[in-house]
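Open the model in your viewer and keep the selection tool at hand. The stops below are meant to be taken in order.

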Amino acid sequence: MALMVLTLSNLDGEHRISCPLHASLTLGCGPDCDVTFEGVGILPRHCVLYRTGERTFQIIGVYAAAQFSVNGVTSSELEVNVPFKFGIGGEVFDVDIAEGKAEVPLREEAEGAPAGQRPSRREYLLKPITLKPRAGQRVGEVILEAAPPPENEVPMPTQAASPPALTVEAMVETPLPADEDDEEEESSKLVLVGLLVCGAMIAGIVYWPQHLDQLSAAKPDVLLPPVVAPALSPEATVRACEDLIRAGAPKLAAQMLMPLAEKGNLVAMHQLAVALRASGKFGEEVVVVLQKAVEGGRREALHDFVSVVDDEENPARYTEGALQQLQLAAKLGETSAWMPLGERYEYGNGTKPDIKLALAAFEKARMAGDKRAAAKLSAKQGALDRVAAYVRSWNEVSVAKLLEHVAAGQGKFFTLDHPPMEVLLRQEEEMRDRWPLRRIGVVAGAQAELETFDLIKVTQPFQFEVQRGERIARGKGVLVCQVQRDVADHWRITDASDSIEVNELLPAKEQFVSAASLRELKPAFTHEEQVDESRLEILEQMRGLEATEDFKPALTVLMNAMYEFPQDTFWQPFADKLCDRMARQLFMSGKWLDAAWAEQVHQFAEHGSVSAMLLEGHLYAAGYGCQRSAAKSLALYQKAFEAGKRRDARFYYAEALFQGQGVPQDIEKAGALVLAFMSRSKHPLEAYLAAHLLWRKAEHDPALWQDVYDTLSRAVEKFPPAKNLAGMVLLNHGQTTKERRTGFAAIKAAAEEGVVEAMKSISQCYLEGVGCEKDLHLATFWKQKAMVTEPPRRRHYTEFEE
């Protein structure tokens, strides 16, 4: 016979143990293991070696924490061919197959059986038991020390050493009262005898281990006769063993049932397997015995057979052999086998995954009353309900509930391939905007096709009626969805597509755009209707722009309108408003949020938007989204002014000419643009610029200082720099001390409002005593404050209202 040879690398020689084909060995540190190891981390029942082929072994850890290594690879389950190196508990062993006799003797050889005799069924079924020999001789079931009596002394029994007499024969031989019904009397006798035998055995189990020590210590000279149990019929023995199992003595029951099971008694085989399973750890002999009982015709053993095959402790639970055993039980009519069979077909344990076979098995299990199968089959209904609810949600005004139906990482939805959630929401909003009135409902005929029990394809028919004004479209359609169960056990739609069949179009077919999908069905608008539709869409995107400062959607819809209607200018006022808002945000934060917006602003400017021209000029002046260029900035301001003669364009053009930053200063041209139009303006920026130009003239004509002051006085309340400049006029050109003190107060007020130039001026006033008393401390304070204060942000023209 071919043996498996374990060679311990840290010991000399080899240690052999028998392992025939399709047999298994249990390894661990426990006394009941076939191979016992000692080492760190070795569990009492660590792992099991299955010989699956001539040179192939499968090694499975009994517990998740049971680790071992094969050829240096640590695992808890793998299949390997011999020879290989097996590591456990810090030791490494060489494993190979050899021909020869096992070092470890067979159990029957240890008990004195003839060499070469095949092990009996009893030794195959019972696990090895470690016997601790005790010096003495065996008397019945009691071992007494064999001490010779002293010479000339007659052995006498001692009362202390004698156990209580237990005579089963007397109880059995006592005549029972006669009864008219012989069969009932015989049954009663058998039950009574069985109970008496059970009581005697249990008393022996409890009492004899304690009494043995007393006998050993007393060293009795008289040997006690053995207790002889009465001979029982097989049926009575089985019933007595059933009582023992219920009484919590399965091991004793197994010993009594073993001879009957070896003789082929099917009932004894069944109860023997039950006793072995109740004895403790799972053993493959339980499955073997039950299978023989089932194959022999013991139908009552089928339920227990299925239970042990699908036992969590069964190492072969998910093998092909277990699948065949479950199929056998189901074929013989055991309904409890259908649920585990369905799970094997679903997950492909011992066979290829087959969802149809799994469904059929679960359906039979459900019909048998298994609630687990009912829960499995409810997956189809859950997916159907989700798709039906999704179709009904198309009638709702809000798209918020879409998040309840659609998975976050969805696939293809109608015409969109893996769209972000915001794009998908926008698509649903467009359908609702396009058809304000919708009546969409599901119809009968929905089907669910399982790919797995967590991924189901659903086909849902629906009917629809959508309306916009006088246009009405009626028809039917089919929605096809992939529905998946998420980690929270909720069904979510991951893919969706639909096809429609239009039955009626009112008032005329020509007023609709033909489509194969409901979301592609649109009214065929006239040019005027298209413009109105585009205008409404722009208004929708412009709404709330001041609060959100999210310019991207509005830019997108305006760009679409500009290209869709190149001959129309209805979009320009909206583009001007958007660009003014973007310019204000630029002036307020000093940042340009998205460099890509510069190109869109340029396109608006190229198509005639004055505000876009001004905004592009600001971007060139500051170098945001483009390379800084004062010349291009001035050219854009001039283009904007010449395009519309707007006041804000005039102001920025004149301001650029007056400041001359990066371009030659042109005071005369700036004055021509400003003085004739802005000297009487109440707009703070216009008044401030006009005052600067008048200041230049007043330096040559003092009579104009009053005009300078009057112009500035119209801007001092809204524009602090104008307050500073007005104070300078009074301080330097005032006729009275009161005017000069008023000028000093205006400059100080501007300095306190953060005008850096006013801080410098007030510091000089304290230093020289102009308009105030000299104060070197305050002069130094304001000078230092001017050095650390950032200039106030630039104000946009549209921030002020006249």
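What follows is a walk through this predicted model, from the overall view to single residues.

**The whole chain**

Start with everything shown as a cartoon. The protein has 30 helices and 22 strands. Now colour by accessibility. Of the 802 residues, 42% are buried. Turn to contacts between residues with a separation of 6 or more: 53% of them come from residues 24 or more positions apart.

**The nonpolar cores**

Select Tyr390, Trp394, Phe462, Leu479 and Leu518. These belong to the largest nonpolar core, which has 83 residues, and they touch the most other members. Next, select Phe565, Leu619, Tyr637 and Leu712. They are among the 75 residues of another core, which lies apart from the largest one.

**Helix 23 against helix 24**

Select residues 647-659, which form helix 23, and residues 667-678, which form helix 24. Look along the pair. The angle between them is about 145°, and their axes are 8 Å apart. The crossing of helix 23 past helix 24 is left-handed.

Show side chains at the contact. Helix 23 contributes Arg650, Phe651, Tyr653, Ala654, Leu657 and Phe658. From helix 24 come Ile667, Lys669, Ala670, Leu673, Val674, Phe677 and Met678. By type, the contact of helix 23 with helix 24 has 11 nonpolar residues, 2 charged and no polar.

Stay in helix 23 and pick Ala649. Is Ala649 buried or exposed? Its relative accessible area is 0%, so Ala649 is buried. Which residues is Ala649 in contact with, leaving aside neighbours within four places in sequence? They are Leu614, Tyr637, Ala640 and Phe641. Draw a distance from Ala649 to Leu614. Their C-alpha atoms are separated by 6.9 Å, though the two residues are 35 apart along the chain.

**Salt bridges**

How many salt bridges does a search of the whole structure find? The count is 36. Visit a few.

Select Arg55 and Asp96. Their side chains form a salt bridge at 3.2 Å, N to O. Arg55 sits in the loop between strand 5 (47-51) and strand 6 (56-61), while Asp96 is in strand 11 (residues 91-99). The pair links distant parts of the chain, 41 residues apart. Arg55 is partly exposed, at 40% relative accessibility. Asp96 is partly exposed too, at 29%.

Move to Glu533 and Arg468. Here the closest N and O atoms are 2.4 Å apart. Compare the accessibility of the two partners. Glu533 has 24% and counts as partly exposed. Arg468 has 17% and counts as buried. The cut-off for buried is under 20%, so the two partners fall into separate classes.

Now take Asp370 and Arg372. Their side chains meet at 3.0 Å, N to O. Asp370 is buried, with a relative accessible area of 19%. Arg372 is partly exposed, at 46%.

For the last stop of this group, select Asp310, Arg317, Glu343 and Arg344. Salt bridges link these residues in a network.

**Backbone details**

Go to Val82 and Pro83. The peptide bond joining them is cis, with omega about 0°. Pro83 lies in the loop between strand 9 (77-81) and strand 10 (84-88).

Go on to Leu506 and Pro507. This peptide bond is also cis, with omega near 0°. Pro507 is found in the loop between strand 20 (491-506) and strand 21 (512-513).

Check phi at Asn71. The value is near 55°, which is positive in a residue other than glycine. Asn71 is in the loop between strand 7 (68-70) and strand 8 (73-75).

Finish at Asp489. Its phi is near 65°, again positive in a residue other than glycine. Asp489 belongs to the loop between strand 19 (471-485) and strand 20. At 49% relative accessibility, Asp489 is partly exposed.

Key
Residues numbered from 1 in each chain as written. Predicted model: local features only at pLDDT ≥ 70, side-chain atom pairs only at ≥ 80, totals over all residues. Heavy atoms only, no water. Axes fitted to C-alpha atoms, helices over the stretch in contact; angles between N-to-C directions. Helix = DSSP H or I, 4+ residues; strand = E, 2+ residues; numbered from the N terminus. Left-handed = near helix turned anticlockwise from the far one by under 90°. Contact = heavy atoms within 4.5 Å. Nonpolar A, V, L, I, M, F, W, Y, C, P; charged D, E, K, R; others polar. Salt bridge = Lys/Arg side-chain N within 4 Å of Asp/Glu carboxyl O. Buried < 20%, exposed > 50% of the residue type's maximum accessible area, 1.4 Å probe, protein only. Core = buried A, V, L, I, M, F, W, Y, C linked by side-chain atoms within 4.5 Å.
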